[in-house]
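Hi,

Here is the structure I promised to pass on.

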Amino acid sequence: MNRKKISCFIIVCNEADRIESCLKPLQGWVDQLIVLDSGSTDNTVEIAEKYADKVYQTDWPGFGPQRNRALGYCQYDWVMNIDADEIVSEALKQEIDDTLSHDIGDVTMLEIPWHTYLFGKPLKRGRYASPQGKIFLKAGANFKDRSVHESLEMPIKKIKVLNNALAHYSWRDYYHAQEKHLKYGVLGAQEKRKKGKKSSLSFAVLRFFVDFTQQYIFRLGFLDGKRGFLMAIILGQYAFHKYAALWSIEQQEKHP
């Protein structure tokens, strides 16, 4: 099989409990496997060194700059970017091999269905079920210089969606789910404030209900039962945290 070569990078910090499950299926399949660690205090680095071609230990400049830093180490035209909480199945690897072994015309990105697990079962609807652009042509690609939600910018984005899914285990438990969304909410607020954005507590409350409704009703989260309801609540809380944090930053600036 003459599959186009793939560089794969993963950015990590304190992922010792799940990094091996992520890296093991990638070793020997991708043509270059890179891990960037930003100050792990567990044995993430030691585990990564068993599987990766190269492990870099760095500071933490934010998600966007860190991904761009990793992208700079990739030597092949096609790049795969996954996270430590994602696992590539044998079926997905076979489909990627088949796809990149044939002429795919002007396609520059492969999107992969996302099966995000919440307490043992995947969410089949909503934000965490959308296909993700995990494989792309490196030429001209760049992640937005943002601390969080760093979308990929490309000169030409022509997408092919694959059939097999990428397993995504984002949250270790309920505490981790809340902790992660609170952290991202505050980072998102800081990004908005840098751009001069403002908020109010009443708007934060409004966004809770808007985002809950969007996830639970319009994105059909109710079809995921109790898990879908809980996810809609969490995403509503995430929106509240983001805009309440933005309001709090304004107040701290006014009353230092």
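This is a predicted model: local features need pLDDT of at least 70, side-chain atom pairs count only at pLDDT 80 or more; totals for chains, interfaces and linings use all residues.

Ile6 has Trp78 as its bridge partner in S4. The strands here, S1 (residues 6-12) and S4, pair in the parallel sense over 4 bridges; pairing takes at least two DSSP bridges between two strands.

Residues are numbered from 1 along each chain as its sequence is written, and side-chain values use heavy atoms, with hydrogens and water left out.

Back to S4 (residues 78-81). On its other pairing, S4 runs antiparallel to S9 (residues 132-137), joined by 3 bridges, and there Trp78 stands opposite Leu137. Trp78 and Met80 point one way from S4, Val79 and Asn81 the other way, and all are buried (buried is under 20% relative accessible area, exposed over 50%, partly exposed in between, with a 1.4 Å probe and protein chains only).

Met80 deserves a click. This S4 residue has a relative accessible area of 0%, so it counts as buried. Leaving aside neighbours within four places in sequence, Met80 is in contact (heavy atoms within 4.5 Å) with Ile6, Ser7, Cys8, Phe9, Trp29, Val88, Ile96, Ile112, Lys134 and Ile135. Its C-alpha is separated by 9.3 Å from that of Leu110, 30 residues apart along the chain.

Now the whole sheet: 7 strands form an open sheet with mixed pairing, in the order S3-S2-S1-S4-S9-S6-S12. S3 (54-57) and S12 (159-161) stand at the edges with a single partner strand each, so one side of each has no neighbour in the sheet. On average, neighbouring strands are turned by 25 degrees against each other, direction ignored. Helix H3 (residues 63-73) packs on this sheet, touching S1, S2 (32-37), S3, S4 and S9, and its direction makes about 145 degrees with that of S1. For those angles, axes are lines fitted to C-alpha atoms (for helices over the stretch in contact), and values run from 0 to 180 degrees between N-to-C directions.

Further along the sheet, S6 (residues 109-112) pairs with S9 in the antiparallel sense over 4 bridges and with S12 in the parallel sense over 3 bridges. Met109 stands opposite Phe136 in S9 and opposite Ile159 in S12, while Leu110 has Ile135 as its bridge partner in S9. Both faces of S6 are covered: Met109 and Glu111 on one side, and Leu110 and Ile112 on the other, are all buried.

What about the cores? Nonpolar side chains tend to be buried together in soluble globular proteins. The largest nonpolar core here has 42 residues, and those with the most contacts inside it are Leu26, Met80, Ile82 and Ile96. (Such a core is a set of buried Ala, Val, Leu, Ile, Met, Phe, Trp, Tyr and Cys residues joined through side-chain atoms within 4.5 Å.) A second, separate core of 17 residues includes Phe9, Ile11, Ala141 and Leu152.

There is another open sheet too, with 4 strands in the order S5-S13-S7-S8 and mixed pairing. Its edge strands are S5 (86-87) and S8 (121-122), each pairing on one side only. S7 (residues 114-118) and S8 run antiparallel, joined by 2 bridges, with Tyr117 partnered by Pro122.

In this sheet, S13 (residues 166-168) holds His168. Is His168 buried or exposed? At a relative accessible area of 4%, His168 is buried. The side chains of His168 and Thr116 make a polar contact of 2.9 Å. (That term means a pair of N or O atoms within 3.5 Å; within protein, one must be able to donate a hydrogen and the other to accept it, and residues adjacent in sequence count only if both atoms are side-chain atoms.)

Last, helix H5 (residues 174-194): its 21 residues reach 31 Å from first C-alpha to last, close to the 30 Å expected at 1.5 Å a residue, where the expected span is 1.5 Å times one less than the number of residues. Its buried residues include His176, His181 and Leu187, and what covers the buried residues of H5 includes helix H7 (225-254). Just after H5, Gly196 takes a positive phi of about 85 degrees.

Cheers
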